[in-house]
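Subject: Structure for you to look at

Hello,

Here is the structure I promised. Please open it and keep it beside this email while you read.

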Amino acid sequence: MASLRSSIVIGSVAYSSSCCSRRGTTRATINMPKLRTGGLSLRLPARDFVPEVLDMGPGLSAATTSHVEKKYESSTNRNSHSLGSNVSDPLVIAKLHAIMEAVADRVEMHQNIGEQRDNWNSLLLTSINAITLTAATMAGIAATSVGGPLLALKTSSTLMYLAATGMLVVMNQIQPSQLVEEQRNAARLFKQLHGRIQTTLSSGNTTSSDVEDAMKKVLALDKAYPLPLIGVMLEKFPETVEPAVWWPQHRQRQEKPMKRRDGNGWSVELEEEMREVVGVLKRKDTEDYLRLGKIALKVNKILSISGPLLTGIAACGTAFMGSSHGSWAAMVGVVAGAMASVVNTMEHGGQVGMVFEMYRSNAGFFRLMEETIESNLNEIDVERRENGELFEMKVALHLGRSLSGLKNLAAASSYASSEKGEAIEEFASKLF
């Protein structure tokens with residue numbers, strides 16, 4: 001037994017020594033297969049797929065594998081569908097871009113035409129006053145002349161007065177200063193619409209209703225401030241003074257009892273505050289600007305009638321110069337011509353038509369605020385309204401007030417109407 005163990009030990013030592021001697025002289029090479037990576041694609045499973053496979057354990061079969069793969073594919077399709085629903089329709093984006101380009105073009109048109117009509121006002125005013133004063137000067141010189149010079153001077157003076165009368169009639173009908181104010185307002189409102197469309201596009205969540213809303217606003221502005229003069233020009237001397245309307249009419253909603261009035265930034269106190277603000281706007285701001293608009297319209301009517309009437313009287317006076325009433329005729333021709341020049345300067349130099357249009361536009365601004373506030377208050381579902389806190393801030397900014405100032409205005413109006421039974425004297429707007 002001892003001899004057997006010794007032989008085994010000697011054999012193992014000899015084997016190990018021979019192996020060690022071979023390591024020093026033998027070189028081995030291992031050739032690994034090359035992997036083709038050109039068309040390799042890895043499809044990693046979803047996060048919820050891996051734990052499910054790991055939980056299967058060693059009993060995973062082909063049927064269970066196919067079941068999990070189908071579940072993974074359905075979840076992947078569902079996720080991709082949910083992501084695609086948040087992406088705007090390319091056609092809607094293209095339509096909004098087309099509307100935005102049309103709006104930018106309208107801004108440019110209204111600005112150019114406004115500058116042109118401003119030139120009309122200044123050039124016509126200067127030309128008519130020059131013609132009128134020249135005719136008055138010629139009438140005065142003709143009063144001291146006899147014979148041929150008298151006939152030439154009085155004829156020239158009469159013709160110049162008649163020309164000034166015709167030009168004044170046309171100028172008073174179109175009211176260039178009022179046309180300029182219309183184009184200014186149109187350019188400003190189209191710029192606002194352009195900015196709102198840009199904001200809608202930048203939000204990345206556009207719908208077909210945004211396209212319809214933008215189209216309605218563009219058409220409403222085109223109707224409120226037309227470019228042509230013939231046929232569709234706004235009435236310069238209307239029978240009644242109404243606020244300018246440049247927005248599509250808000251959809252009327254019937255008020256119904258509401259179970260919940262809180263949420264989306266709205267509360268009962270905020271609704272009461274907005275109602276008081278609407279009341280002040282109707283009683284004070286809108287009514288006051290309509291009253292001022294009526295005064296400006298009356299003054300403009302008087303001046304627009306007086307100017308051509310005075311130049312016509314002056315033309316008649318110069319026509320009778322040289323007769324038995326030559327001295328009176330000359331006085332009428334000179335004085336009426338000078339007064340016509342003064343009246344024309346007051347009307348068109350003072351831009352009374354522009355003042356009337358400004359008052360009408362301001363009244364329209366307050367009317368728009370009233371309709372916007374009432375439209376939000378009449379909406380039954382508070383979640384469909386504009387956010388209450390944001391809406392309150394917008395109203396305060398439009399009126400030139402702080403949030404605390406707006407609350408104080410509503411509180412003062414509520415106190416005056418409930419305790420004293422009368423309206424407050426304060427206006428809602430501090431801007432104009």
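Which residues gather in a patch of negative charge on the surface? They are Asp 105, Glu 108, Glu 115 and Asp 118. Bear in mind that this is a predicted model.

Take Asp 118 from that group. It lies in helix α4, which covers residues 90–142. Is Asp 118 buried, partly exposed or exposed? Asp 118 is partly exposed, because its relative accessible area is 32% and that class runs between the 20% and 50% limits.

There is a nonpolar patch to find as well. Trp 328, Met 331, Val 335 and Met 339 make it, and it spans about 450 Å² of surface. Start with Trp 328. You will find Trp 328 in helix α9, residues 326–349. Trp 328 has a relative accessibility of 59%, so it counts as exposed; the cut-off for that is over 50%.

Now step back to the whole protein chain. How many helices and strands does it have? The count is 12 helices and 0 strands. Read along the sequence, the pattern is α-α-α-α-α-α-α-α-α-α-α-α.

Next, burial and surface. The protein chain has 432 residues, and 36% of them count as buried.

Best wishes

Key. Residues numbered from 1 in each chain as written. Predicted model: local features only at pLDDT ≥ 70, side-chain atom pairs only at ≥ 80, totals over all residues. Heavy atoms only, no water. Patch = residues over 30% accessible without salt bridge, like charges linked within 9 Å, V, L, I, M, F, W, Y side chains within 5 Å. Areas by Shrake-Rupley, 256 points an atom, 1.4 Å probe, with all protein chains shown as cover. Salt bridge = Lys/Arg side-chain N within 4 Å of Asp/Glu carboxyl O. Lys, Arg positive; Asp, Glu negative; His and termini not counted. Charge placed at Lys NZ, Arg CZ, Asp CG, Glu CD. Helix = DSSP H or I, 4+ residues; strand = E, 2+ residues; numbered from the N terminus. Buried < 20%, exposed > 50% of the residue type's maximum accessible area, 1.4 Å probe, protein only.
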